[in-house]
Amino acid sequence: MSPSVRLFVTAAFNFSLFYILGWIVYITSLPPWFPAFVLLALTAVSAFLILSKKVPLSITVSGLVFWAILSIWILSFQFGVVVYGGANWFGDWRENYEHALFFLEQRPLETQVLFNMWALPSHGPLFNSSVAILMSLFGKEFWVYQIISTVLSTFAVLPFALLIQSIVKIKQAAAHWVSLFIMIFAPFAFQMELYTNTKFFTLAFILGALYLYRRGIRTDRPYWSAGSMIVFSLGFLAHYSVFQFALFFVGHFFFVTFKRKWGIKPPLYAFLGCGILASSLFLHLFFHPGFEQTIKSNNETDSEKSINLTESIKRNLLTAIIPYSFRRNWEGVAAAPVIAQKDDRFGKEFEPQESDPTFEWYYDLINNQGSLLSNLGIAGILGIYLAAGWLVRNSGILKNRAKQAKTLLGWKFWALFFGVGIPIHIALSPYGTAQLNLHFFVCLTIIWIFKYLQQIPNAIKQALAVIFIAESLVTLWAWMNVLIRSVPISMIQEEELFITGELNFNPSYINNFILKLKTGSIFLSDKVGVYGLQTGLTFNVALLLLTSWVCYSTYKKQLPKTN
């Protein structure tokens, strides 16, 4: 096992330890700092053994550095965020935070969050139980949650690099740089790394599980593939949408086990590992009062109750592929509702008015990230076109590859995975479903583009990189211009709001700002106040120095040794 793989596996193991310790502490009513104390003790013992050279350092430090670089990059923008709600989202940031407080404060099992709108099972517990353990060390304020959430959401940079290295066939250092480059600039990644939810943390386990599974079947190591099932279960504990994707690999795993005569032990060990991790959650689900209503509320809104399966598949397919701004004037299930509105009044007679044209364009760019084509961008679409051309010209190579063992993950598996996995999934959103749970498809497509474009001239690859950076910076600019706005509303007393200016904002953004006031949530931008921009720039200077050191260290290693 290479150091980079061991780093991911170690991190995944630690998160599973976070989860198990979190439930043990909750059930036994031990102090909330107990898991952190155990983990710090284990870290101290490990550090002592490594420094005393009794145990070799078996993970790659460079991977941790790349993770740190990405975390610092995203944190530099967190200092400017006044409140989340750039698109139509409402309350997720607070809901996840209150889920973390459930574990940290050991609240009753029947606790409901966000003004009693959601029960505990509405979200997978892995992310927020892990955050809670770290919050027991640093504090339970929301700005602390922002920092820890950012670090966890950028974890995906490590398994993404592993998958790039494995599929594209490049060196580890190059794979880390490509992964970092995509995770820094790609708007779909920036959006999820900045927002305090569980989606990109979940993506890390899906990417890592695919790497382990693929490595296992290619090297005929059944326990690697069995281990990937356990990593998939960790992803499920972070976000339930993983279940529908993992089913494809579970089915393929049993098929491979039968064809290669791996025996009963690999699937048995996988089943036991997944069962141990998921048992606490499932026991809670079975005995939780009102869980059925919670599940229904998660997957069905009033506007969607009349939509049948055919219409759901149609909507998912259209909204997952065609960008939001292209569907603004459509009618039917795939129509894109207008959200780029402003209000000049506030009260019971509130009626949204036409928006500012500039912010309407910002919202188009933001909501376009709900489609796979917009996630890939112009550079990605051009890359698909060029890669398809290469595949057509080299069809003979593909035929030879098709003669490999039938148990490998071939084009038929991926055609079924993409063809069925995109239109049939739990979530429904007229704004676009790619930002809900389809980031895995985007990452895979990006990797395949890199793989099949290695043979094209460097000038074309550089042109694609320039296009990618340019369009990404424009969308990131739109995101931050939306999220840095302060709403002229103040709260004099509990439940009593005072308007201090014209409310030229969309309703969702105002609702999130009011939620921030009512819950007393303190963001990082509130901690630094007017110095938010300077703080972000300071973080970016630190990031520049850290990146320069990494570049120098990489270059120095490549120099020939002299006496």
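Student: How many aromatic pairs does a search of the whole structure find?

Tutor: The model is a predicted one, and the search finds 41 aromatic pairs. Rings are paired by the distance between their centres, and planes under 30 degrees apart count as stacked. F8 and F155 form a stacked pair, with 5.8 Å from centre to centre and 15° between the planes.

Student: Which parts of the chain does the pair of F8 and F155 link?

Tutor: The pair links distant parts of the chain, 147 residues apart: F8 belongs to helix 1 (residues 3-28), and F155 to the loop between helix 6 (142-153) and helix 7 (157-169). F8 has a relative accessible area of 1% and is therefore buried; F155, at 0%, is buried as well.

Student: Why is the pair of F142 and F523 called tilted?

Tutor: The class follows from the angle between the planes: the planes of F142 and F523 stand at 45°, so the pair is tilted, with ring centres 4.7 Å apart. F142 lies in helix 6 and F523 in the loop between helix 23 (507-519) and helix 24 (524-528), so this pair ties together parts 381 residues apart in sequence. Both F142 and F523 are buried.

Student: Which residues do ring pairs link into a cluster?

Tutor: The cluster consists of F8, F15, F18, W67, F127, F155, F201 and F205. F155 also has contacts beyond the rings: leaving aside residues up to four places away in sequence, the residues it touches include A11, A12 and A204.

Student: How should I read a nonpolar core, and which residues have the most contacts inside the largest one?

Tutor: In soluble globular proteins, nonpolar side chains tend to be buried together. Here the largest nonpolar core has 141 residues, and M135, F155 and F249 have the most contacts inside it. Helix 10 (residues 199-218) supplies the largest share of this core, 13 residues. Another core lies apart from it, with 7 residues, among them W390, I449, L453 and L464.

Student: At what angle do the axes of helix 8 and helix 22 cross?

Tutor: A helix pair is read from its axes and then from its side chains. The axes of helix 8 (residues 172-185) and helix 22 (residues 458-483) cross at roughly 35° and come within 9 Å. F181, I182, I184 and F185 of helix 8 meet F468, I469, S472, L473 and L476 of helix 22. The residues of this contact comprise 8 nonpolar, 1 polar and no charged.

Student: Is S71 buried or exposed?

Tutor: S71 counts as buried because its relative accessibility is 6%. S71 lies in helix 3 (residues 61-78) and touches T150, V151 and T154, not counting residues up to four places away in sequence.

How values were computed. Residues numbered from 1 in each chain as written. Predicted model: local features only at pLDDT ≥ 70, side-chain atom pairs only at ≥ 80, totals over all residues. Heavy atoms only, no water. Helix = DSSP H or I, 4+ residues; strand = E, 2+ residues; numbered from the N terminus. Buried < 20%, exposed > 50% of the residue type's maximum accessible area, 1.4 Å probe, protein only. Contact = heavy atoms within 4.5 Å. Core = buried A, V, L, I, M, F, W, Y, C linked by side-chain atoms within 4.5 Å. Axes fitted to C-alpha atoms, helices over the stretch in contact; angles between N-to-C directions. Nonpolar A, V, L, I, M, F, W, Y, C, P; charged D, E, K, R; others polar. Phe/Tyr/Trp six-rings, centres within 6.5 Å; stacked < 30°, edge-to-face > 60°.
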